[in-house]
Amino acid sequence: MTPSLSTELTSEKKSAPILACTHCGLPVPKFRAAGKTESEIVFCCEGCRTVYQIITGCSLEQYYAIKKQSAFFAPSHPASTVYARYGYLDDSSVKEKFAYGENARSMDFYIEGVHCVACLWLIERVGQLVPGIQNIQMNLGSFVAKVTLAEKGTFAAVAEGLEHIGYKPHPVCESRQASDLSRAENRKDMIRIGVAGFCMMNIMILFVSIYAGADKSLLSLFRWLSGALFIPVAIYAAAPFYQGALSAFRARQIHIDLPVAGAILIGSAASVMNLITGSEHIYFDSLSAFVFLLLSARYLLKTIHQKTASQTGPGEFLVPKSALRYDAVTQKNEAVAVENICPGEQVWVPQGEVIAVDGEVAEGFGYADFHMISGESKPVKLFAGSKVYAGTVNVGPSLIIRVTAVGPRTRIEALLRSVVNLEKPKTIQASDLAAKRYLITVLMAAGGLVISCWGLTFAAGFDRVLSLIIIACPCALALAAPLAYRLAWRECAMAGALLKGTSTLDKLAQAKKLYLDKTGTLTQGCFEVLEWQIVEGNESLASEAYLLEKKSLHPIAFAVRDYALRLEPEKMTDVEVQDWSETFGTGVSGTLHEKHYEIKGVSDMDSDHEQVFSIRSSVGIFENGILKVRVRLGDRIREDSAEAMRQLRSQFKSIEMITGDRNEPASAVASRLGISNVTAQMNPEAKKEMLQHEPLSLMVGDGANDAAAMKVAGVAVAVQGSIEASFQCADAYLTTPGIRALPELISIARRTRAVVRTTLTVSLIYNLSGMVLALLGMVTPLVAAVVMPLSSFTVLAISYAGLRWRKKISWK
Amino acid sequence: MEKKNLMEVILILLPLALGIALFFLIAFIWAVRSGQFDDTTTPAYRILIEDAPLSETSTQNLKKPSFDKVDERG
């Protein structure tokens with residue numbers, strides 16, 4: 001009896017080098033790299049090969065040259081081969097909503113898959129691929145591209161072109177008014193800074209002469225000139241502070257603008273008076289420097305908030321925006337926007353597409369992936385009358401679905417609505433609170449100073465008060481936390497994690513208990529060949545299997561075909577199979593080279609294999625009635641899950657896996673990854689119950705399945721390749737598949753917490769000691785105005801050193 | 001006497017210096033208004049891209065690629 005051998009890799013193939021895909025740069029599987037050298041062109045998948053052909057076909061090969069030289073700011077991934085339909089983009093109702101500009105020729109798209117400068121280059125040259133584009137401009141900060149069409153252009157062609165070269169575009173419908181307003185406001189702020197800077201510089205130059213000892217007539221000239229230059233600062237540049245102070249006054253609230261406006265107004269008044277009387281105590285230089293620096297710091301803070309708050313993430317793109325309406329009479333399909341479909345109509349869903357509506361199968365039979373709703377990785381059989389839901393994927397042959405619900409009435413939307421209403425309470429930044437308390441202290445100190453300085457001359461006393469207010473300005477205090485968060489946000493993006501808001505980092509740092517979902521998070525989430533076991537003889541029968549499964553549209557057929565193709569690519573022939581037949585639900589059979597082959601399900605009783613993955617099915621390949629090969633299929637554990645778990649174990653004391661799947665596969669996966677606590681067969685409500693009372697929990701998962709649980713968890717992370725519904729309820733999402741980026745994310749979050757604590761302490765020390773010195777009269781207003789930004793710079797330096805130059809987690 | 005000369009020079013220098021500075025301020029305001037500062041991240045990356053050498057780019061023969069999927073699933 002020939003012992004069974006697993007033929008995943010023959011010894012020849014094991015010696016193949018690890019090559020990088022020419023297009024996406026990710027490692028090429030060994031069976032594809034066999035026999036190729038480093039200089040040859042090789043791809044990790046057909047998607048990348050396709051994109052490469054398109055790019056070189058349009059003489060855009062420079063893309064690869066640029067790519068070699070540029071750093072990646074988001075991880076790379078292979079190109080997909082499933083294309084969405086974009087016909088609906090040129091629908092007039094859709095254009096009304098999304099298009100803008102002259103003749104409604106411009107539209108914004110959020111582009112998925114941009115990861116380096118070369119992508120920017122390529123996207124802006126899509127015009128060489130698709131006619132009818134007047135201009136494409138990409139913004140790398142927000143990943144939004146503005147597309148302006150030429151005379152005969154269509155948005156659909158542009159979107160298709162983008163997708164063909166490997167980037168998925170999503171139309172963006174941000175409220176146009178809001179973004180226009182904020183842009184106008186930013187511009188005004190910049191102009192104010194410019195004016196303040198201009199005045200400050202010129203005033204300071206004049207003051208140099210004054211300090212250096214100019215004589216009577218020149219002195220007088222310089223003083224009056226600096227006074228004149230100060231007017232724009234006092235009236236125009238400082239206006240925001242007056243407005244802030246006024247509204248704070250009306251609302252009876254303590255606000256940082258109060259002392260600032262007070263200092264500026266009182267200082268200006270005193271300076272003008274002294275200018276007229278000829279006294280030497282004029283403060284135009286200090287005050288204009290003060291206004292300029294404060295305005296700049298404030299602007300910096302604003303851009304930080306804007307960047308982290310508004311992220312046009314893929315969260316909106318849960319359900320496709322278009323579907324193919326099927327007319328039974330004419331037997332034709334028409335791409336329409338989902339809003340325009342009514343219950344009772346029919347839609348045609350080709351294989352591989354996400355279903356856009358709730359409905360029943362009218363015609364056809366097949367399989368759908370209900371992963372999104374149920375969390376199960378095994379496809380569900382569909383017959384006439386079977387119910388399907390928006391967001392599920394048709395993995396079998398094309399279906400005609402009779403629509404029962406569209407848009408807000410679909411099950412997935414209802415689920416999301418219940419999830420979106422659970423608002424998480426806003427966390428007040430600790431530094432904000434500290435700043436408020438600190439401010440009250442300052443005001444009291446100023447008051448105390450005025451009283452104690454009664455003995456001194458008014459001018460000297462005034463000097464001290466002004467210095468006090470300037471140096472005590474809690475700029476660094478207010479800047480410390482946002483700055484650290486901004487840097488951390490960027491570090492997270494580079495590590496492969498996108499955060500929803502600044503409080504996310506705090507929550508991640510606090511989390512003590514880790515809860516992991518199984519399907520899609522720790523495993524691939526889809527059907528795949530796990531093992532190809534030769535039972536008899538020594539032929540793998542790969543080409544026979546490929547030919548037999550070629551015509552079948554069963555998900556198992558795809559998995560088998562894919563694997564067979566990779567297993568022995570050289571042996572693939574295009575021979576016609578005789579007597580081919582498929583028995584739905586059982587298998588396929590046919591005759592090849594005079595031998596009768598069957599591929600059908602077998603029970604798996606082989607227990608001498610210890611490697612039990614999440615086994616779900618076994619099929620056997622029979623030659624003339626004898627079982628020759630056994631193929632095990634299932635949901636494979638991701639390659640990086642084991643290593644990530646190892647690192648997470650050092651970061652978390654309490655780790656638990658909760659899944660909607662059955663006990664068997666759950667504990668199989670858990671034991672392989674070293675997770676001791678497993679709870680299986682948890683439906684969404686049960687998961688939510690479990691996490692309701694755990695404020696320090698970190699939930700990692702995907703699928704609308706996990707949405708409710710994610711909302712009540714302390715903090716939630718959604719995994720890529722998963723349902724984008726999670727993005728609406730999770731605080732962070734990982735852009736690389738699996739949990740690979742999670743340990744790094746946790747490390748960054750904890751480091752950020754440490755940095756914020758340090759910088760807050762440092763700025764507090766700075767401000768408090770500065771205050772004391774000013775009280776004692778050892779600091780002049782000008783020195784105060786210069787020292788104050790020094791504290792900001794110190795904070796900046798600490799944040800950079802702490803976050804950018806930290807020791808990153810090494811990956812084996 | 002020297003001081004008198006200095007004084008006159010100053011009367012020219014000061015307005016001149018202020019005028020030049022003012023010119024730049026106006027240029028800055030104009031730049032902000034025409035939207036040059038709206039996106040500050042992308043231009044930093046754009047300048048790193050080198051143009052292709054002249055001899056290699058051909059603008060005449062750009063083939064339109066066919067979008068047939070390379071699909072082994074028949």
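Guide: Gladly! A:Thr504 sits in helix H18 (residues 503–510) of chain A; helices (H or I, at least four residues) and strands (E, at least two) are DSSP runs, numbered from the N terminus. Please note that this is a predicted model, where local features need pLDDT of at least 70, side-chain atom pairs count only at pLDDT 80 or more, and totals for chains, interfaces and linings use all residues. Residues are numbered from 1 along each chain as its sequence is written, chains are lettered from A and ligands numbered from 1 in the order in which they are written, and side-chain values use heavy atoms, with hydrogens and water left out.

Visitor: Why does A:Thr504 count as buried?

Guide: Buried means under 20% relative accessible area, exposed over 50%, partly exposed in between (1.4 Å probe, protein chains only). A:Thr504 has 2% relative accessibility, so it counts as buried. A:Thr504 touches A:Leu499, A:Val715, A:Asp731 and A:Ala732, leaving aside residues up to four places away in sequence; contact means heavy atoms within 4.5 Å.

Visitor: And why is B:Leu13 called partly exposed?

Guide: The relative accessible area of B:Leu13 is 46%, so the residue is partly exposed. B:Leu13 belongs to helix H1 (residues 2–33) of chain B.

Visitor: What makes E3 and E5 of chain A edge strands?

Guide: Their open sheet has four strands in the order E3-E4-E2-E5 (chain A), with antiparallel pairing. Strand E3 (133–139) and strand E5 (168–171) each pair on one side only; two strands pair if DSSP finds at least two bridges between them. Strand E2 (residues 106–112) and E5(A) have four bridges, in the antiparallel sense, and A:Ile111 stands opposite A:Pro169 in E5(A).
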